[in-house]
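Subject: Structure for you to look over

Dear colleague,

I am passing on the structure below, followed by notes on what was found in it. Please read the notes with the structure open beside you.

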Amino acid sequence: MICCIFGLLMAANAQEITFKYDFNNNSFDGWVGYDADGDGNTWELHNTTTSGGMNGTYGLFSSCYNAGELTPENYLYTEDAYLITETSQLHFFHCQSDIVYYQENFGVIVSENGINFTIVWSKRYTAPHTDGKWGEEFVDLSEYAGKTMYIGFLHYDCNGFSANGIRIDNVELLSEGTSIAENTISFEVYPNPVENSLHISSDVEIENVSIVAMNGAVVYEGAYNKNGIYVAELKAGVYFVNIEKGDETITRRFVKK
Ligand SMILES: [Ca+2]
Ligand SMILES: [Ca+2]
């Protein structure tokens, strides 16, 4: 019994998604770009195998080369400011666009006023990611807890002599105890992380359930029964469970071991 109570508490305290962008609709909705170096090259949305997002989808791309070497200082940040908590993390994936010219440098930026940005984290590639592999980051934003911040990326301090462009995809702000939408349905998934069978606890009867992978692929869709959803064959990683009740859709995040 102690085990079960603990399990439910863990689920209740899981990180929730404040925002999530996979850019698969080829849209910058919710984001603002700024070409600080003024060369006319800034963040774009690409879906090619070399400069696109994960698994052939659209993703963010900022170039170091365009018919000549560039020295980018390209900003991209959220249109809205978000409340940061002690548990807030920016989660995203990144990859170079060229395996030879790979020496990208980029950072995560935050700002209280949307004008003056601070680099809270940065990365300089010392090796390229191999084919099909992307780097994954969870950047801790707890230093700004209690503040409302614009959040984004800066591609800077690198050039077209040794770099070609940086790709970023599947960007989400995670914060414990906050969620995208106000909703009236209590809904948790457990265990989390899960190995074989994913269960849902809710105070209402659940109709349809879907499970979506980080790349946007729907890996399960159907009715929910009390035996749980068989997830043993899913690849290890982060997934989202959506339940529908009337015209509400509610999302929870879980990790497959
Ligand atoms: Ca994408
Ligand atoms: Ca530029």
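S197 stands opposite Y230, a residue of strand 17. Strand 17 (residues 229–230) pairs with strand 14 in the antiparallel sense over two bridges, where strands are DSSP runs (E, at least two residues) and helices are DSSP runs too (H or I, at least four), each numbered from the N terminus, and pairing requires that DSSP find at least two bridges between the strands. Strand 14 (residues 197–202) also runs antiparallel to strand 13 (residues 187–190), to which four bridges join it; H199 in strand 14 is the bridge partner of Y190, and a hairpin of six residues joins the two strands.

This is a predicted model, in which local features need pLDDT of at least 70 and side-chain atom pairs count only at pLDDT 80 or more, while totals for chains, interfaces and linings use all residues. Residues are numbered from 1 along each chain as its sequence is written, and chains are lettered from A and ligands numbered from 1 in the order in which they are written.

The protein as a whole has one helix and 19 strands, and 31% of its 257 residues count as buried, that is, with 20 or more other C-beta atoms, placed from the backbone, within 10 Å of their own.

Best wishes

Note on methods: Buried ≥ 20, exposed ≤ 12 C-beta atoms within 10 Å, placed from the backbone.
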